[in-house]
Amino acid sequence: MKHIIILINLFLTALIVAPATAQADTLSDKSEKLVSILSPFIGDFEGDHEEMKLNAHFNARWNQTKTAMFFTWTSNLKESKKRVIQIYGVGVLDKDEKVVWHLHGSDGSKIDMKLVKHKKGKYEFQMSGSTPSGTLYEEVYWELMENGDFDHVITKKVVGGTPQKAFGFILKKKLNKKR
């Protein structure tokens, strides 16, 4: 009798687990898709915005299986080099196979950034979430340049219901120096 109960439990487990496993993408499938979309943004980038008096640094790396991109974005005031904000994020494929980043700021912000469209080195994102100044909504545009740099433009920004000035800057890719 004990053997029959064990066999029934194994059978039920197989019925529950096997279909989910058969339908799920493998790590290599997810990795391949994510790498094909995000690989141009892996590395170190820096840029300045004269009018906003900001300097930005973007650093992105893969996790071991290349199924997630981890990054930090740091903005400093150019004159004093005082850090304005640091954002930590992870980019993954969601359940619908869309690229989404989950961002957390050093100021307590929590934002989701979704890739809306991408084609031939042009990427459009929508960002929404909470910040200390209120609810944030941004439309962001990245354009990859032939030399590996990318143009980062905030085309629309609303914080706490108040429209903000749109701005952008070029982030130049830094070459890794051998030590």
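I looked up Ser133 and found it in the loop that runs between strand S7 (122-131) and strand S8 (134-144). I am working from a predicted model, and I keep that in mind for every entry here. Ser133 is exposed, because its relative accessible area of 59% is over the 50% cut-off. Setting aside its neighbours within four places in sequence, I listed its contacts as Val159 and Gly160. Val159 is 26 residues away from Ser133 in sequence, while the C-alpha atoms of the two are 6.7 Å apart in space.

I then turned to the salt bridges, of which the structure holds seven. One of them joins the side chains of Lys30 and Glu97, at 3.2 Å from N to O. This pair links distant parts of the chain, since Lys30 sits in helix H2 (residues 27-38) and Glu97 in the loop between strand S4 (83-93) and strand S5 (99-105), 67 residues apart. I noted Lys30 as partly exposed, at 26% relative accessible area, and Glu97 as partly exposed also, at 22%.

I next checked Glu46 and Lys174, whose side chains meet in a salt bridge of 3.8 Å, N to O. Here too distant parts of the chain are linked, with Glu46 in strand S1 (residues 43-49) and Lys174 in strand S11 (residues 167-174), 128 residues apart. Glu46 is partly exposed at 33%, and Lys174 is partly exposed at 36%.

My last entry is the salt bridge between Glu138 and Lys157, with the closest N and O atoms 3.4 Å apart. Glu138 lies in strand S8 and Lys157 in strand S9 (residues 150-159), so the pair ties together parts 19 residues apart in sequence. I recorded both Glu138 and Lys157 as buried.

Note on methods: Residues numbered from 1 in each chain as written. Predicted model: local features only at pLDDT ≥ 70, side-chain atom pairs only at ≥ 80, totals over all residues. Heavy atoms only, no water. Helix = DSSP H or I, 4+ residues; strand = E, 2+ residues; numbered from the N terminus. Buried < 20%, exposed > 50% of the residue type's maximum accessible area, 1.4 Å probe, protein only. Contact = heavy atoms within 4.5 Å. Salt bridge = Lys/Arg side-chain N within 4 Å of Asp/Glu carboxyl O.
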